[in-house]
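Hi,

Here is the structure I promised to pass on. Have a look at it first, then read my notes below.

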Amino acid sequence: MSERIFNTSTSHHCHGSEKKPIEIYLFIDPLCPECWALEPILKKLQIEYGRYFSLKHVLSGRIAMLNLSKKQHYENIAELWERTASRTGMSCDGSLWFENPISSPHIVSVAIKAAELQGRRAGIRFLRKIQEMLFLDKQNISELTVLKECAKEAGLDVEEFISDIHSDSAAKAFQCDLKITSEMEVQEIPTLVFFNENIEEEGIKITGMYPYEVYEQILTEMLPFIPEKAIPPSIEAFLKYFKLVASKEISVVYNMSVSEVEREMKKLQLKQLVEQLPAKYGVFWRYNER
């Protein structure tokens, strides 16, 4: 499940470092359904322990390297999406690969790096929009019109974003991510690598997807003190911040069953604070801005 890994100077050079005791490198691919399914766990970890760690998204390029021109690949990916959705409760519709397949995965990764040039938070918002467009709306996220819409919805400067997609800066940032992936010998996604402040100490690499308690235990064991778990905000405040969330995400963050979540959400729906968006697997909720 986990292994030890040495810190590297290149990774810090590429991404910079923040003044928090733990740094987590999250290796993802925007087309990976398990990376999407990890969202509830990441949200819970950030809400409860976010003040103790910084999270760096690193694009592995694993799926971008696939030869997606073959029908067999489409069938395999569609089947993986469906299995992941039914197992994890985070909806993704595999029929996309027969109706509107992704033509150029590489441009999607470069676009995410272009969004990050407007700030780390902007990059994270853009990545989430990309995932929503892909897994829920079945959009071809390699099309420029879709990327522009994601940038607009994520609150980016769209003109600057389009310019940056075609820039050396975004291409070099993606190449830097691929270099880190190679240096840390990341073979599967998602992978999380935990480092503490002592650059001489080994990091801990977790490959694959595990229950929340596994990540919580590693984080707490790597800190030189007992961390204080933060209390989550109200569900309404959670929705207001994230805009669109799955019942599964609320369920994980608030330790509620999905049926309990849906009862609570119906109350907010009656107040016209949220809108229900049924998906192929489960339900999503959009916050209504007033």
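Is Lys43 buried or exposed? Lys43 counts as buried, at 5% relative accessibility (buried means under 20% relative accessible area, exposed over 50%, and partly exposed in between, with a 1.4 Å probe and protein chains only).

Before you go on, keep in mind that this is a predicted model, where local features need pLDDT of at least 70, side-chain atom pairs count only at pLDDT 80 or more, and totals for chains, interfaces and linings use all residues. Residues are numbered from 1 along each chain as its sequence is written, and side-chain values use heavy atoms, with hydrogens and water left out.

Now back to Lys43. Its salt bridge partner is Glu249, with the closest N and O atoms 2.9 Å apart (a salt bridge is a side-chain nitrogen of Lys or Arg within 4 Å of a carboxyl oxygen of Asp or Glu). Glu249 sits in helix α13 and Lys43 in helix α3, so the pair ties together parts that are 206 residues apart in sequence. (Helices, H or I with at least four residues, and strands, E with at least two, are DSSP runs numbered from the N terminus.) Glu249 is buried too, with a relative accessible area of 0%.

Another salt bridge joins Lys280 and Glu82, at 2.9 Å from N to O. Lys280 is in the loop between β7 and β8 while Glu82 is in helix α4, so this pair ties together parts 198 residues apart in sequence. Here Lys280 is partly exposed at 47%, but Glu82 is buried at 18%. The count for the model comes to 20 salt bridges.

Next, the pockets. How big is the volume of the largest pocket? About 870 Å³. (On a 1 Å grid over the protein atoms alone, a pocket is an open set of points where a 1.4 Å probe fits, with protein on both sides within 12 Å along at least five of seven lines; lining residues have an atom within 4 Å of a point. A volume is the space filled by probe spheres set on the points.) Of its 30 lining residues, the closest to the centre are Gln46, Arg121, Ile124, Tyr241 and Phe242. Helix α7 gives the most to this lining, with 9 residues.

The second largest pocket holds about 370 Å³ of space. Among the residues closest to its centre are Lys129 and Glu132, and α7 again supplies the largest share of the lining, 4 residues.

Cheers
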